[in-house]
Amino acid sequence: MLWLDYILWIVFILLNVAFITLLERKVLSYSQNRLGPNKLSLMGILQPFSDAIKLFLKNISTPFSSAKTIYTVSPVAAMMLALMLWSINTHPNKIISSNITYMIFLGILSLSVYPPLMAGWVSNSKYAMIGAMRAIAQTISYEVILTLFLFMIIFYNLSMNLSPSAKEHMMMMILIINPILLMVWTMVMMAESNRTPFDFAEGESELVSGFNTEYSGPLFALIFMAEYAMIYFMSYFSITLFFSNSNLYMMVTASFIYIYIYIWFRATYPRHRYDMLMLKAWKSLLPMMLSMLALQMALL
């Protein structure tokens, strides 16, 4: 029954991911004063299903000189990693019941660099390879800051377990004292998810589509779903981290507020330069987090 419960939970996540794409297209259309999807059903509510059917019914085309096995496995691996993150959630029947859920989270997240690397390398395209290199450098840079942020939380909690009983409302107190942490966390989450204004791995203006340039049909759909599943989890994880609550479905619903912030940033801010992104990581955010962590350890 545990596995059946988890499968139903995955179906629930995938349905939410489908409607997150519709939410994004609707919000962007209103932000830019244009029409969004509005043809299928009431207010275009069935548009995600139409897009999914169209993509999954297309033929899989592979580049002539690519390693076809790795080319096919990369999107599947990206989707599996995105779904594996949900195994550490605070669901009562969660698959992974551990006292080191923060470490498991970092371990799974660190593997997320491999699917873009494999996809960019085997595509035999200079645009895909540059996009993969960008994704790897960006992910590693901001994962260092993410790790330091989680270390701060671990030192406050004296626990590596992500659960409401372990945290109570401790993070709310931290945010009241130091709201800069919330801004830093939001930047790190967007950089980790390759979202605007940090979507350099998929820079359409200079890289066509980045590491997934050579992908189409169902394989492209898996990459697309993995990206939005990661956004959904990061939003849920952020809400759980800062506004702890024992009601799972209330937390899942509240995570859409954070998803709206993702979309709002995409509609508002232009893409930065890549060198500015790396400088911000290594010369601004990293010294700031190290200083905060040292101050916290001194006060403790």
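User: What is a nonpolar core, and what does "buried" mean?

Analyst: A nonpolar core is a set of buried Ala, Val, Leu, Ile, Met, Phe, Trp, Tyr and Cys residues joined through side-chain atoms within 4.5 Å. Buried means under 20% relative accessible area, exposed means over 50%, and partly exposed is in between, using a 1.4 Å probe and protein chains only. In soluble globular proteins, nonpolar side chains tend to be buried together. Before we look, please note that this is a predicted model, in which local features need pLDDT of at least 70, side-chain atom pairs count only at pLDDT 80 or more, and totals for chains, interfaces and linings use all residues. Residues are numbered from 1 along each chain as its sequence is written, and side-chain values use heavy atoms, with hydrogens and water left out.

User: Thanks! Which residues touch the most other members of the largest nonpolar core?

Analyst: They are Phe105, Trp185 and Met289, in a core of 67 residues. Helices that supply at least two residues each include H1 (2-31), H6 (126-157), H11 (217-242) and H13 (274-299). Helices here are DSSP runs (H or I, at least four residues; strands are E, at least two), numbered from the N terminus. H11 provides the largest share of this core, with 14 residues. There is also a second, separate core of eight residues, and Val122, Ala132, Phe211 and Tyr215 are among them.

User: What does Phe105 touch?

Analyst: Contact means heavy atoms within 4.5 Å. Leaving out residues up to four places away in sequence, Phe105 touches Leu85, Ile88, Leu146, Leu150, Phe233, Met234 and Phe237.

User: And where does Trp185 lie?

Analyst: Trp185 lies in helix H9 and is buried, with a relative accessible area of 1%. Not counting residues up to four places away in sequence, its contacts include Leu146, Leu150, Phe237 and Tyr258.

User: How do I read an aromatic pair?

Analyst: Rings of Phe, Tyr and Trp (its six-membered ring) pair if their centres lie within 6.5 Å; planes under 30 degrees apart count as stacked, over 60 as edge-to-face and the rest as tilted. By this rule the count here is 16 aromatic pairs. One of them joins Phe224 and Tyr228, a tilted pair with 4.8 Å from centre to centre and 50° between the planes. These two are separated by about one helical turn because they are four residues apart in helix H11. Phe224 is partly exposed at 31% relative accessible area, while Tyr228 is buried at 5%.

User: Which parts of the chain does the pair of Tyr232 and Phe256 link?

Analyst: That pair links distant parts of the chain, with Tyr232 in helix H11 and Phe256 in helix H12, 24 residues apart. The two rings are tilted, 5.6 Å centre to centre and 55° between the planes. Tyr232 counts as buried at 1% relative accessibility, and Phe256 as partly exposed at 25%. Ring pairs also join both into a cluster whose members include Trp86, Phe105 and Trp185.

User: What is the difference between a cavity and a pocket?

Analyst: On a 1 Å grid over the protein atoms alone, a cavity is a set of points where a 1.4 Å probe fits but cannot get out, and a pocket is an open set with protein on both sides within 12 Å along at least five of seven lines; lining residues have an atom within 4 Å of a point. Grid points are joined across faces, edges and corners, and a volume is the space filled by probe spheres set on the points. The whole structure has three cavities of 30 Å³ or more. The largest cavity has a volume of about 330 Å³. Of its 21 lining residues, the closest to the centre are Ala78, Ser112, Pro116, Asn194 and Phe211. H3 gives the most to this lining, five residues.

User: What is the volume of the largest pocket?

Analyst: About 800 Å³. It has 34 lining residues, and Thr21, Leu55, Phe220, Phe224 and Tyr228 are the closest to its centre. H1 supplies the largest share of that lining, eight residues.
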